[in-house]
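Colleague: I have a few minutes before the next run. Can you walk me through this one?

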Amino acid sequence: MEKLIFNTVEKLLPEFEEVSTFIFEHPELGDEEYISSKYLVDKIKEHGFEVQYPYCGIETAFRAELKCGDGAKIAFLAEYDALPGYGENHDKNGHACGHNWIAALTYGACVSLSKLKDLFKGTIVFIGTPAEETVGAKCDMVDRGAFNDIDAVFQMHLGGINNLEPVALAMDSIEFSFEGVAAHAAAYPHLGVNALDAVQLTYAGINALRQHITPDARIHGIITNGGQAANIVPHKAQCRITIRAQKREYLDTLTQKVINCARGAELMTGAKLSYRNFENSFDDLVNNQNLRKLVEKNLIKAGITEFTKPNGSSGSSDIGNVSHVCPTFYCEIDATKGKEVFVHEEGFLEVANSDEAHDKLQKSIKALVLSAIEVAENPEILK
Ligand SMILES: [Zn+2]
């Protein structure tokens, strides 16, 4: 059985590599992935999948489905958004997070399974999830019920190590706006209410708070408006702060403390505070341990045999939200060949569509296909 599965993947591999290359060569930013999403939709249709596109009210999201039997409904989540700021003049988009590889991986798993109907007795669902790097469309898709009927979710990401226990921090992104009163900064400063001071005091409050947070937590941000002219007391000022922690529960407490810093600044300066979430809130990733054991076993069969424990540093991903509503497996696969290069760096553009990435693509697809067949056959694994 394994031989048949591996042969099927190997035969289709040139097509999967072509998907990785096409998306790599058409880097589009989040929510603008029109070429990439249409390309994936057109291709999966050729393999007999029924497609909804757009999906969940998001123009570059899609869902493609193929029923092969009455077993589990298994979803593979594609991503295909790129990042800005690469090239000599830092003005080019690039797939420095390797989402081209994720698109090819999940597409490859779905197409391979569709050719193995004698072995796979469930429903294959290929879901296109845009804008992971920005708003995190998966959060909206969770809210709109995209995963309500799904039994298991699979996704993998390229990284610097083979890591089966990646951490994705829960994250809140808050914009604080202060409204004061403008005045001549030299002639009538006593008539002004300084909104920039309120932003600075918020920032100072956060700096004091940082000593008293757990080591997993992170608070970072920028000032997005600090006034218009040096000789006017700024009547409007604004900052954006991102707050992260390993667990949503602690993050909720921490975010409240950050908001309290801004409240204190409002009280101290008299500049009126308002705030809002400027991006979706991400939940922490909860990896389903049974799925993890299953994929680990199958990665080893496919030739990825060495795994490293995470070193602690980590970002956030909207797949966290999915993992709170549906059994989810997510891991990182190394394609760096020992080079010290990390996602989002210019150097990662050399990794994301390399021969090594293609080799790992083939092995990872094999592991996902083996795992999906086992889940469809034995849904007890998900309990
Ligand atoms: Zn990424």
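Predicted model: local features only at pLDDT ≥ 70, side-chain atom pairs only at ≥ 80, totals over all residues.

Colleague: Which residues line the second largest pocket?

Modeller: Its lining includes the run Leu-164, Glu-165, Pro-166, Val-167 and Ala-168. Gln-246 and Lys-247 also take part.

Colleague: How many residues line the largest pocket, and which lie nearest its centre?

Modeller: The lining has 49 residues. Nearest the centre are Ser-314, Gly-315, Ser-316, Val-343 and His-344.

Colleague: What is the make-up of that lining by class?

Modeller: There are 19 nonpolar, 20 polar and ten charged residues.

Colleague: Where does the largest pocket lie relative to the domains?

Modeller: Between domain 1 (2-168 + 282-382) and domain 2 (170-277), because both give residues to its lining.

Colleague: Is His-344 buried, partly exposed or exposed?

Modeller: Partly exposed, because its relative accessible area is 38%. The buried class stops under 20%, and exposed starts over 50%.

Colleague: Which other residue has a positive phi without being glycine?

Modeller: Ala-131, with phi near 55°. Ala-131 lies in the loop between β6 (123-128) and α4 (137-143). Its relative accessibility is 0%, so Ala-131 counts as buried.

Colleague: Which peptide bond is cis?

Modeller: The one from Tyr-53 to Pro-54, with omega near 0°. Pro-54 is in the loop between β1 (50-52) and β2 (62-67).

Colleague: Switching to the metal. Which protein donors does the zinc ion have?

Modeller: Three residues supply them: Cys-97 through SG, His-99 through NE2 and His-157 through NE2. They lie 2.1 to 2.2 Å from the zinc ion.

Colleague: How are the donor residues spaced in sequence?

Modeller: As C-x1-H-x57-H. The two histidines link distant parts of the chain: His-99 belongs to helix α3 (residues 99-114) and His-157 to strand β7, 58 residues apart.

Colleague: Are those two histidines, His-99 and His-157, buried or exposed?

Modeller: Both His-99 and His-157 are buried.

Colleague: What about the rest of α3? How many of its residues are buried?

Modeller: 16 of its 16. From its first C-alpha to its last, α3 reaches 23 Å, close to the 22 Å expected at 1.5 Å a residue.

Colleague: Last one. How many residues does helix α9 have, and how far does it reach?

Modeller: Helix α9 (residues 355-377) has 23 residues. It reaches 33 Å from first C-alpha to last, close to the 33 Å expected.

Colleague: Why is α9 described as largely enclosed by the rest of the structure?

Modeller: Because 20 of its 23 residues are buried.

Note on methods: Residues numbered from 1 in each chain as written. Heavy atoms only, no water. 1 Å grid on protein atoms, 1.4 Å probe; cavity = no way out; pocket = protein on both sides within 12 Å on 5 of 7 lines; lining within 4 Å. Nonpolar A, V, L, I, M, F, W, Y, C, P; charged D, E, K, R; others polar. Domains from an automatic or database assignment. Donors = N, O, S within 2.8 Å, 3.2 Å for Na, K, Ca; no water. Helix = DSSP H or I, 4+ residues; strand = E, 2+ residues; numbered from the N terminus. Buried < 20%, exposed > 50% of the residue type's maximum accessible area, 1.4 Å probe, protein only. Expected span 1.5 Å × (residues − 1).
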